[in-house]
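Here is a short report for a first look at this model.

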Amino acid sequence: MAYKWENGKIKRISLPKKLSKKNQKLLEKMAEMEVNYDESFSFLKKLNIKVYDATEYNKIK
Amino acid sequence: MMQLNIIKLNKIDKVTFLNYFKNEIQNNREYDLIKKLVNDCNKGKNTIYILEINNKKVAFIGVSFDRINDYPSVSVEYLFVIKSLRGKKLKNFYNKKSSEILLGYVIKEIIPKIKEYIAIKYLTLYPDMQNQKLANYYLSLLPSAFKLKENKETWILLKV
């Protein structure tokens with residue numbers, strides 16, 4: 001899902017349900033690919049991020 | 001030392017949220033998109049993660065589940081960075097942009113946790129208004145990402 005702003009209105013749009021054969025093949029091929037993002041996002045470990053779970057957004061002052 | 005927080009939200013006080021960011025929103029389009037994102041969050045359609053630097057909220061990302069060609073996916077519904085930090089590298093945070101930190105958090109922290117229980121194959125992004133600049137930004141940020149064009153829409157996908 002994503003949002004599309006068109007003619008002053010927002011539409012919530014889904015990912016395409018039916019794909020062309022070319023795109024189906026592309027997705028099947030990519031789905032088999034091994035990926036590793038350790039290096040790309042290694043900076044995250046150094047950032048000391050604290051994560052909070054807020055069921056109500058009450059932290060804004 | 002500067003502190004980074006990420007706050008996960010499943011329910012939001014819309015008025016307070018919009019008021020907080022009102023001076024950092026560029027135009028009506030952005031305002032409407034954020035309002036819709038927040039409404040959908042309150043209906044349980046997405047989860048929003050806010051990035052906070054030294055107690056100032058500087059960016060947020062809305063994520064949800066979807067499917068593409070039967071492959072389960074995590075969708076980035078919207079990614080917002082306050083006007084004053086757009087395109088800016090954060091010197092105190094290894095020259096990363098706020099958007100990189102949030103996307104990285106989704107890819108490296110959230111998705112692996114989901115994958116412990118459920119198969120996820122792709123992260124999907126939709127550059128609104130066929131915004132070529134935004135599409136190119138995502139592609140440069142995530143070198144293994146690729147474009148998928150279908151029904152006149154272009155999506156950015158990343159195998160995860």
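## Terms and source

Two strands pair if DSSP finds at least two bridges between them. Helices (H or I, at least four residues) and strands (E, at least two) are DSSP runs, numbered from the N terminus.

This is a predicted model, in which local features need pLDDT of at least 70, side-chain atom pairs count only at pLDDT 80 or more, and totals for chains, interfaces and linings use all residues. Residues are numbered from 1 along each chain as its sequence is written, while chains are lettered from A and ligands numbered from 1 in the order in which they are written.

## Strands across the chains

Strand β3 (residues 49–54) of chain A runs parallel to β1(B), and six bridges join them. A:Lys50 faces B:Asn5 in β1(B). A:Tyr52 lies opposite B:Ile7 in that strand.

β1(B) also pairs within its own chain. Its partner there is strand β2 (residues 47–53) of chain B, antiparallel, over six bridges. B:Asn5 has B:Glu52 as its bridge partner in β2(B).

## Chain A

Chain A holds two helices and three strands. Along the sequence their order is β-β-α-α-β. Of its 61 residues, 11% are buried (20 or more other C-beta atoms within 10 Å of the residue's own, with C-beta atoms placed from the backbone).

## The contact between the chains

In all, 48 residues of chain B are in contact with 37 residues of chain A. Contact means that C-beta atoms, placed from the backbone, lie within 7 Å. On the side of chain B that touches chain A, the elements giving two or more residues include β1 (4–9), β3 (56–68), β4 (71–81) and α3 (98–115) of chain B. β1(B) gives the most, with six residues.

By class, this side of chain B has 21 nonpolar, 12 polar and 15 charged residues. Ala, Val, Leu, Ile, Met, Phe, Trp, Tyr, Cys and Pro count as nonpolar, Asp, Glu, Lys and Arg as charged, and the others, Gly among them, as polar.

## Two helices of chain B

Helix α1 (residues 14–21) of chain B packs against helix α2 (residues 28–42) of chain B at about 150 degrees, with the axes 10 Å apart. Axes are lines fitted to C-alpha atoms, for helices over the stretch in contact, and angles run from 0 to 180 degrees between N-to-C directions. α1(B) and α2(B) are therefore roughly antiparallel (an angle over 145 degrees).

α1(B) contributes B:Lys14, B:Phe17, B:Leu18 and B:Phe21 to the contact, and α2(B) contributes B:Ile34, B:Lys35, B:Val38 and B:Asn39. Five of these residues are nonpolar, one is polar and two are charged.

Terms used. Angles under 35 degrees count as roughly parallel, over 145 as roughly antiparallel, 65 to 115 as roughly perpendicular and the rest as oblique. Two residues are in contact if their C-beta atoms, placed from the backbone, lie within 7 Å. A residue is buried if 20 or more other C-beta atoms lie within 10 Å of its own, exposed if 12 or fewer, and partly exposed in between; C-beta atoms are placed from the backbone.
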